[in-house]
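Here is a short briefing to read with the sequence and the model side by side.

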Amino acid sequence: MLPAGKLPLHFLFLTGFVVGLFAVYFGRGILLNRAGMLDEDTLYRMKYMTVDSSILFWYVLCKRCRNFLVLIIMATTRSLIHISEPTRLRRFSVGFFLSTAVFRYGIKGILLGIVSIFPHYLCYLPAMILLLRWCEDMHRSIYFYHHTTGQGKKSLPGRLGKLALIWIALVFGCLLECFVNPALLKGFLQFF
């Protein structure tokens, strides 16, 4: 049972990550050998590819903004646990990607995983946590507002200000993902 209006973020993030790890562990024969996840050919092609950062930026921004809007809309629904649903795939994919890299390349795979999510996850992770907390707070104020104590009521400008800051962090993360990360990843792959 969840406390009224409380979202167990640590549990939700950890379970998605662990499911991704187990998926690769138990399916490594198929995923690593037949599907070619992060094989040498893929990394070789990544090393010499050219990235159009401006087109990538608009694509990534649309994807991130869609998830951003879905979470905001879901904060107004009755079930609080559904707020975390759009982030489930991201948690699963991080566990999936990191475990694939480790099974294939060991310590170098860990470094590949870190470089792949740096520096944009320095913005995405806090933005994601703050957005989930914002959604939790919004949900609590809609469905668990106490009329006698006035608890749960907050000003709309304050809420929108927090939301604007989260969106700015998201856009900055998109900029880092599209303009900084490809150069870092290609530089890392030169020595891989």
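This is a predicted model: local features need pLDDT of at least 70, side-chain atom pairs count only at pLDDT 80 or more; totals for chains, interfaces and linings use all residues.

Residues are numbered from 1 along each chain as its sequence is written, and side-chain values use heavy atoms, with hydrogens and water left out. Helices (H or I, at least four residues) are DSSP runs numbered from the N terminus.

**α4 against α8**

- α4 and α8 pack at about 150°, and their axes are 9 Å apart. Axes are lines fitted to C-alpha atoms over the stretch in contact, and angles run from 0 to 180 degrees between N-to-C directions.
- α4 is therefore roughly antiparallel to α8. Angles over 145 degrees count as roughly antiparallel, under 35 as roughly parallel, 65 to 115 as roughly perpendicular and the rest as oblique.
- The crossing of α4 and α8 is right-handed. In a right-handed crossing the near helix is turned clockwise from the far one by less than a right angle, and in a left-handed one anticlockwise.
- Residues of α4 in this contact include Phe-57, Leu-61, Arg-64 and Phe-68, and those of α8 include Trp-167, Leu-170, Cys-174 and Glu-177. Contact means heavy atoms within 4.5 Å.
- By class, the contact of α4 with α8 has 16 nonpolar, 2 polar and 2 charged residues. Ala, Val, Leu, Ile, Met, Phe, Trp, Tyr, Cys and Pro count as nonpolar, Asp, Glu, Lys and Arg as charged, and the others, Gly among them, as polar.

**α6 against α8**

- α6 and α8 pack at about 160°, with axes 9 Å apart. That makes α6 roughly antiparallel to α8.
- α6 passes α8 in a right-handed crossing.
- Lys-108, Leu-111, Leu-112, Val-115 and Ser-116 of α6 meet Asn-181, Leu-184, Leu-185, Phe-188 and Leu-189 of α8.
- The contact of α6 with α8 divides into 7 nonpolar, 2 polar and 1 charged.

**α3 against α8**

- The axes of α3 (residues 40–48) and α8 (residues 156–190) come within 8 Å and cross at roughly 120°. α3 and α8 are therefore oblique to each other.
- The crossing of α3 and α8 is left-handed.
- Leu-43, Met-46 and Lys-47 of α3 make the contact with Leu-185, Lys-186, Leu-189 and Gln-190 of α8.

**Largest pocket**

- The largest pocket has a volume of about 1,000 Å³. A pocket is an open set of points on a 1 Å grid over the protein atoms alone, where a 1.4 Å probe fits, with protein on both sides within 12 Å along at least five of seven lines; lining residues have an atom within 4 Å of a point. Grid points are joined across faces, edges and corners, and a volume is the space filled by probe spheres set on the points.
- Its lining has 31 residues, and Arg-64, Ser-116, His-120, Tyr-121 and Glu-177 lie nearest the centre.
- α4 (53–74), α5 (85–105), α6 (107–116) and α8 each give two or more residues to the lining. The largest share, 8 residues, comes from α5.
- The lining divides into 19 nonpolar, 6 polar and 6 charged residues.

**Cis peptide bond**

- The peptide bond from Phe-118 to Pro-119 is cis, with omega near 0°.
- Pro-119 sits in the loop between α6 and α7 (121–143).
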